[in-house]
Amino acid sequence: MVAKVLDGREIAKNYRAGLQEEVEKLKSEGITPNLTVVLVGNDGASQSYVNNKKKSAEKIGMKSEIIHLEETTTEEELLKVIDQLNNDTEVHGILVQVPLPKQIEETKILEAISPEKDVDGFSPINIGRLYAGMETYIPCTPLGIMEILKNADMSLEGADVAVIGRSHIVGQPVAKLLTDANATVTLLHSRSKNMKEVLKRSDVIVSAVGKPGLVTKEDVKPGAVIVDVGNTVVDGKLTGDVMYDEVAEVASAITPVPGGVGPLTITMVLNNTLLAAKRINNK
Ligand code: NAP
């Protein structure tokens, strides 16, 4: 079997075309969706992430600004900036790029972002609303994974799905979304016993760990669908958790790294910003 490549760039391109149409429609009603990204400090990777988000937003007709603050910014100063953005009627989506310098407590910042503008879906209120089945902003990587799975020519209804990794931003929310889609989900982590057996009987494996080589051909049931979320730089190359070449020989569909989940994560930031612009303006 040669696996179908779940091409994240292609899926993202099609999805963004739909978003662009909706942005144009909203603009014709006098509303320009605006994503504002706050970056504190000079971390190279973070700078390239925020530039990428701004460029992607502008490409589909949104307005996007980066507020770049110094490495020495205090928690109080950052909270003041967030408060201004919360009250700025022109701003619909607020993202604060992490990691933050150590003098700033991340959870305090996430709590301060207005839940209405929290397009990352990381604020405690939006996390709670997700689990309560209420209107919320679903975190972008889990939402992107669900979009990729729609392109995998399989039904999640009753499927056995293994999610490896239990972070608040990927593993846990994607397990919730998969459960809502009627899959039977096993959430695996570093203390899991019998991980290999669980993987071997799974129809879908979502790996969100950051350990290259974690999922091998021997772990995968023939015909399974594989979503590799892992991003680790090895010898200057972005590498996933899955041994791509050998697993592609047995899987029915697989995401590459790079070019799999990554492009969908940014797409869903745009999706949530559009949603915020609509909700704030009662559209
Ligand atoms: P994280 O917070 O570090 O969580 C990693 C998880 O992996 C933890 O739950 C940990 O278990 C588990 N784990 C560690 N070693 C394991 C092992 N040997 N077997 C099974 N589970 C193991 O990471 P994250 O923020 O969720 O990100 C995960 C990966 O996805 C990273 O490589 C990150 O760069 C990537 N990522 C990619 C995107 C994208 O858009 N492509 C977006 C977000 C993240 P414990 O809980 O027991 O410690």
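In this predicted model, the largest pocket is lined by 49 residues, and those nearest its centre are Tyr49, Thr141, Asn231, Gly262 and Thr265. The pocket holds about 1,600 Å³ of space. Sorted by class, its lining comes out at 26 nonpolar, 14 polar and nine charged residues.

The centres of domain 1 and domain 2, taken over C-alpha atoms, sit 30 Å apart.

Now for the sheet that includes E4. Three strands make up an open sheet in the order E3-E2-E4, paired in parallel. Strands E3 (63–69) and E4 (93–96) are at the edges with a single partner strand each, so one side of each has no neighbour in the sheet. From one strand to the next, the twist averages 15 degrees. Seven bridges link E2 (residues 34–40) to E3 in the parallel sense, and Val37 has Ile66 in E3 as its bridge partner. Helix H2 (residues 44–59) packs on this sheet and touches E2, E3 and E4, with its direction at about 160 degrees to that of E3.

As for the second largest pocket, about 300 Å³ of space lies in it. Its lining has 17 residues, with Thr239, Gly240, Val242, Tyr244 and Val257 closest to the centre.

Methods: Residues are numbered from 1 along each chain as its sequence is written. This is a predicted model: local features need pLDDT of at least 70, side-chain atom pairs count only at pLDDT 80 or more; totals for chains, interfaces and linings use all residues. Side-chain values use heavy atoms; hydrogens and water are left out. Domain bounds come from an automatic or database domain assignment. Two strands pair if DSSP finds at least two bridges between them. Helices (H or I, at least four residues) and strands (E, at least two) are DSSP runs, numbered from the N terminus. Axes are lines fitted to C-alpha atoms, for helices over the stretch in contact, and angles run from 0 to 180 degrees between N-to-C directions. Contact means heavy atoms within 4.5 Å. On a 1 Å grid over the protein atoms alone, a cavity is a set of points where a 1.4 Å probe fits but cannot get out, and a pocket is an open set with protein on both sides within 12 Å along at least five of seven lines; lining residues have an atom within 4 Å of a point. Grid points are joined across faces, edges and corners, and a volume is the space filled by probe spheres set on the points. Ala, Val, Leu, Ile, Met, Phe, Trp, Tyr, Cys and Pro count as nonpolar, Asp, Glu, Lys and Arg as charged, and the others, Gly among them, as polar.
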